[in-house]
Amino acid sequence: MTAPTRPIPQPGILDIAPYLPGKSGAPGSKTVKLSANESPLGASPKAIAAFAAAAQHLEIYPEGSSRLLREALGEVHGIDPARIICGNGSDDLLHLLAQTYLGEGDEAVMNRYGFSVYPIITMAAGAKIVMVDETDYTADVDALLAAVTERTKVIWLANPNNPTGTYLSDAEVRRLHAALRPDILLVIDSAYAEYVTAADYSVGLDLVGEAENVVMVRTFSKMGLAAARIGWMVAPDHVNDAIHRIRGPFNVNLPAQLAGAAATRDVEFNEKLREHNAKWREWLTSELSGNAMRVLPSQANFILVLFPDAETATRAFETLMAGGYVVREVGKSYDIHNGLRISIGSEDAMRGVAKILKSMGPAQ
Ligand SMILES: *Cc1c(COP(=O)(O)O)cnc(C)c1O
């Protein structure tokens with residue numbers, strides 16, 4: 001064997017397909033971005049003020065445990081702040097969970113159309129990702145359980161899921177958990193929890209409190225603070241103890257901590273965003289349904305539209321782009337070649353998108 005002539009990444013790293021973010025319009029163009037599930041109402045004005053005020057103290061290290069942010073979350077959500085860990089986006093926390101609980105020879109299980117970050121973090125930890133078939137674009141508990149082997153260490157479950165918008169009821173999540181070995185960590189990624197309207201949904205917090213092998217992960221990104229990069233998780237003490245040992249000691253920056261705390265307490269703004277989303281999600285779903293399009297029932301701040309075939313989806317993407325709207329293609333990242341994911345935006349954007357899609361002529 002010849003000696004390597006340059007540094008070599010760990011096994012598996014170069015097998016990872018890079019994450020494809022939602023596209024933006026051309027710089028300077030008036031394109032409306034509906035490709036990354038961002039807030040159409042901006043951020044909480046209180047969060048913006050807190051972020052700006054923090055600019056006066058940029059020379060000082062932030063408090064390392066995000067104490068003020070954890071206290072705000074604890075107060076509003078009724079959680080002991082000691083059980084919360086904050087991260088530089090929930091992405092940071094998902095990476096830390098993978099690094100802590102997965103290694104060479106281990107397996108992590110996820111549903112086929114689950115969040116595309118899970119394969120990346122699993123393989124980055126040297127483990128194998130096992131993709132499980134869904135039932136009509138919804139995670140299938142029996143199929144997930146059937147994929148568990150003695151090597152399984154983690155189950156990744158986004159609930160509701162991105163990019164499908166579908167969800168599992170509390171009863172289904174509990175059925176999944178009840179059948180897992182106690183050494184398998186169930187990670188419930190509730191990134192879209194704020195937008196759920198289904199009565200039989202649970203964010204996962206109760207289960208975290210009852211079990212030793214469940215973690216709930218949340219984010220501020222879908223609630224107006226994507227640029228600030230703030231995530232949080234609630235886990236049993238033994239999990240928190242392990243994560244604290246490897247997380248960056250100052251992993252959440254000061255402006256983000258203060259903006260996150262202010263946003264958490266701005267219940268009025270959060271409610272406005274939630275109501276706007278519920279209204280226009282329902283409107284867009286009913287406008288588009290039929291018209292040779294199927295809209296999956298969504299509990300998130302986006303919808304997944306399924307077209308008869310991949311060509312029609314591409315044509316719809318291009319027609320929307322020409323009309324000033326950029327949406328998310330889900331062929332390459334998610335293998336749903338006939339689908340487009342559309343974020344719920346402003347009233348104008350929703351009316352514009354519906355008009356364009358409904359007037360698209362038949363295939364040439
Ligand atoms: C957007 C999203 C996240 C959030 O990531 P951040 O790093 O907090 O911006 C996490 N999980 C899912 C399923 C998502 O869609």
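Q: Two strands count as a pair if DSSP finds at least two bridges between them; with that in hand, which residue in β4 stands opposite Glu107?
A: The model is a predicted one, and in it Glu107 stands opposite Lys128 in β4. The two strands concerned, β3 (residues 107-111) and β4 (residues 128-132), pair in the parallel sense over five bridges.

Q: In what order do the strands of the seven-stranded open sheet stand?
A: The order is β2-β8-β7-β6-β5-β3-β4, with mixed pairing. At the edges are β2 (84-87) and β4, each of which pairs on one side only, and the twist from one strand to the next averages 20°. Within this order, β5 and β6 (residues 185-189) pair in the parallel sense over five bridges, and Leu157 has Ile188 in β6 as its bridge partner.

Q: Which strands does helix α8 lie across?
A: Helix α8 (residues 237-246) lies across β2, β6, β7 (214-219) and β8 (231-234), and runs at about 30° to β2.

Q: How should I read the four-stranded sheet, and why is one side of β9 and of β12 left without a neighbour?
A: This open sheet has the order β9-β10-β13-β12 and antiparallel pairing. Because β9 (294-295) and β12 (328-329) stand at the edges, each with a single partner strand, one side of each has no neighbour in the sheet. For β12, two bridges join the strand to β13 (residues 339-343), the two running antiparallel, and Arg328 stands opposite Arg341 in β13. Helix α11 (residues 310-322) lies across both β12 and β13, at about 35° to β13.

Q: What is the general idea behind a salt bridge, and how many does a search of the whole structure find?
A: Side chains of opposite charge can pair when their charged atoms come close. In this structure the search finds 18 salt bridges. One of them joins the side chains of Asp106 and Lys153, at 2.8 Å from N to O; this pair links distant parts of the chain, with Asp106 in the loop between α3 (89-101) and β3, and Lys153 47 residues apart from it in strand β5 (residues 152-158). Asp136 and Arg294 likewise meet through their side chains in a salt bridge (2.8 Å, N to O).

Q: How is the size of an interface expressed, and what area do domain 1 and domain 2 bury between them?
A: Interface size is often given as the accessible area lost when the parts come together. Here the chain is divided into domain 1 (22-42 + 268-360) and domain 2 (45-266), and the contact takes 29 residues from domain 1 and 28 residues from domain 2. The two domains bury about 2,300 Å² between them, 55% of it on carbon and sulfur atoms, and one salt bridge is found across their interface. Taken over C-alpha atoms, the centres of the two domains are 25 Å apart.

Q: Where in the backbone are the cis peptide bonds to Pro160 and Pro163?
A: The bond from Asn159 to Pro160 is cis, with omega near -5°, and the bond from Asn162 to Pro163 is cis too, with omega near 15°. Pro160 is placed in the loop between β5 and α6 (170-178), and Pro163 is also found in the loop between β5 and α6.

Q: What value does phi of Tyr137 take?
A: Phi of Tyr137 is near 65°, which is a positive value in a residue other than glycine, and Tyr137 lies in the loop between β4 and α5 (141-146).

How values were computed: Residues are numbered from 1 along each chain as its sequence is written. This is a predicted model: local features need pLDDT of at least 70, side-chain atom pairs count only at pLDDT 80 or more; totals for chains, interfaces and linings use all residues. Side-chain values use heavy atoms; hydrogens and water are left out. Two strands pair if DSSP finds at least two bridges between them. Contact means heavy atoms within 4.5 Å. Axes are lines fitted to C-alpha atoms, for helices over the stretch in contact, and angles run from 0 to 180 degrees between N-to-C directions. Domain bounds come from an automatic or database domain assignment. Buried area is the accessible area (1.4 Å probe) that two parts lose on being put together, summed over both. A salt bridge is a side-chain nitrogen of Lys or Arg within 4 Å of a carboxyl oxygen of Asp or Glu.
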